[in-house]
Amino acid sequence: CSSELSFNEPGRGRMPDPEHHREFGRLLGRRMEELGLRTRLLAGDVASPGGPNLEYPKPLLEDPEARQYVDALAFHSWGGASPETYRAWSDMAREHDLPLFCTELGWYALAHHSTAYHTALYTLEELRVYQDLLLHARPQVLMHWEYGGSYPLLLEEEGELRPTARYWMVGQFANLTPQHATALGTESDHEDVLFTAFRGRGEGGRTVHTLHVANLGADRQATLQGLPRGLTELEVSHISVHDPREPVARTVPAADGGLKMRLEPLSLTTLRWEE
C-alpha cells in the first residue's frame, strides 16, 4: 500500500501562494518517484474549509504534472463552514477523482490555549461539525484532533483522568459506525436535528445499519421514518453534552417502518440494527 505526505496547513505563512503549493507538489512528487517511493501527496491540507482555502488546492490539482503525484484531497475543519462550502470540497474531490480527507477535525483552533474544549459549548459545536461534515462534505476519512494532550478528550483532576462528554461522543461515532461503511441518504425537517446514516459489515459478515441523530436544541419528540417494514427493534445509545457518562445501550420498538422517540436536549442518539 502507499502512504500520503503533506505540508501541514501550507497557506499559513509557509506557502501562502497556491502556486508555491503546486510547485512543491511537482518537485517533491518527482523526487519521491525518482527514489522509488510509493508515497503520494495530499492536496490542500489547509487550516480551515472556508474563504481562500477552498481555492488553494486548485492550481496543484489542475496541473497535470503535479496531479499525478496526488492521492487525496484534504482540509481541516477549524471554524466549521456552511453546507455549501462543505459540498464544494466534495465536488472538488469528485471532479478530480480523489478521496476527500478531513485530516484535523475540530471546532475552535485556539482551544488549546485554554480549557475551552471541556465546555458544553465546545462539545456541542464539535458534534455539529461531525454531523455537518458527514452530511455535506462526505469525506472518506475523519481524523479527530486530537487524542493527545493539546485538545484532550480526558479531564485531569487530582492526578486522575476522567472521561468528558467529548470522549463519549467521539467514541459513539467511532465505535458504532461500521468500518468502510456506505453513507445513506437522510433528511431532517428541523434545523437543530442533524441526521446521518451508514450501512456496513459487522462481525460475522452481518450487515450493520447505524443512524446518528444529533439534537442541538431543546428536548423534543422525534418521528423516524423509512426503516425496513419488518424491523421490530433497534439498539439505541446516547450521550448528553451536559451529562458525560458512558452510553448504556437499550432497545426501542419499531413498527411499520418507523418509530417515535424522545431526544434529550443537546445530545447524540445512535440507533443500530443488524441483518
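User: Are Y130 and F173 buried or exposed?

Analyst: First, the source: this is a predicted model, in which local features need pLDDT of at least 70 and side-chain atom pairs count only at pLDDT 80 or more, while totals for chains, interfaces and linings use all residues. Residues are numbered from 1 along each chain as its sequence is written, and side-chain values use heavy atoms, with hydrogens and water left out. Buried means under 20% relative accessible area, exposed over 50%, and partly exposed in between, with a 1.4 Å probe and protein chains only. Y130 is buried, and F173 is buried too.

User: How do I read a pair of aromatic rings?

Analyst: A pair of aromatic rings is described by the distance of the centres and the angle of the planes. Rings of Phe, Tyr and Trp (its six-membered ring) pair if their centres lie within 6.5 Å; planes under 30 degrees apart count as stacked, over 60 as edge-to-face and the rest as tilted. By this rule the structure has 9 aromatic pairs. For F75 and Y86, the ring centres are 6.4 Å apart and the planes are at 40°, so this pair is tilted. F75 is in strand β3 and Y86 in helix α4, 11 residues apart, and the pair links distant parts of the chain. Helices (H or I, at least four residues) and strands (E, at least two) are DSSP runs, numbered from the N terminus. F75 counts as buried because its relative accessibility is 0%, and Y86 counts as buried because its value is 1%.

User: How are the rings of Y130 and F173 placed?

Analyst: Their centres are 4.6 Å apart and their planes at 10°, so the rings of Y130 and F173 are stacked. Y130 lies in helix α5 (residues 120-137) and F173 in helix α6 (residues 165-176), so the pair ties together parts that are 43 residues apart in sequence.

User: Which residues form one aromatic cluster?

Analyst: The cluster consists of F75, Y86 and W89. Contact means heavy atoms within 4.5 Å. Not counting residues up to four places away in sequence, W89 touches V46, P49, N53, L54, P57, L73, A74, F75 and L100.

User: What should I look for in a nonpolar core?

Analyst: In soluble globular proteins, nonpolar side chains tend to be buried together. A nonpolar core is a set of buried Ala, Val, Leu, Ile, Met, Phe, Trp, Tyr and Cys residues joined through side-chain atoms within 4.5 Å. The largest one here has 43 residues, of which L61, L73, F75, W89, L133 and M169 touch the most other members. At least two residues each come from β2, α2 (58-61), β3, α4, β4, α5, α6 and β9 (193-201). Helix α5 gives the most, with 8 residues. Another core, of 18 residues, lies apart from it, and L211, A222, L271 and W273 are among its members.

User: How do I check the length and burial of a helix?

Analyst: The expected span is 1.5 Å times one less than the number of residues. Helix α5 has 18 residues and reaches 25 Å from its first C-alpha to its last, close to the 26 Å expected. Of those 18 residues, 15 are buried, so α5 is largely enclosed by the rest of the structure. Just after α5, R138 takes a positive phi of about 55°. The buried residues of α6 include W168, M169 and F173. Among the elements covering the buried residues of α6 are α5, β5, β7 and β10 (207-215).

User: Where does G106 lie?

Analyst: G106 is in the loop between β4 and α5. It counts as buried because its relative accessibility is 0%. G106 touches S77, W78, Y122, E126 and V129, again leaving out residues up to four places away in sequence.

User: What is the order of the strands in the open sheet?

Analyst: Two strands pair if DSSP finds at least two bridges between them. The open sheet has 5 strands in the order β1-β2-β3-β4-β5, with parallel pairing. Its edge strands, β1 (4-5) and β5 (141-144), each pair on one side only. Strand β4 (residues 100-105) joins β5 in the parallel sense over 3 bridges, and C102 has L142 in β5 as its bridge partner.

User: Which strands run antiparallel?

Analyst: Strands β6 (residues 154-157) and β7 (residues 160-163) run antiparallel and are joined by 4 bridges. L154 stands opposite P163 in β7. The two strands form a hairpin with 2 residues between them, and E158 in the turn has a positive phi of about 50°.
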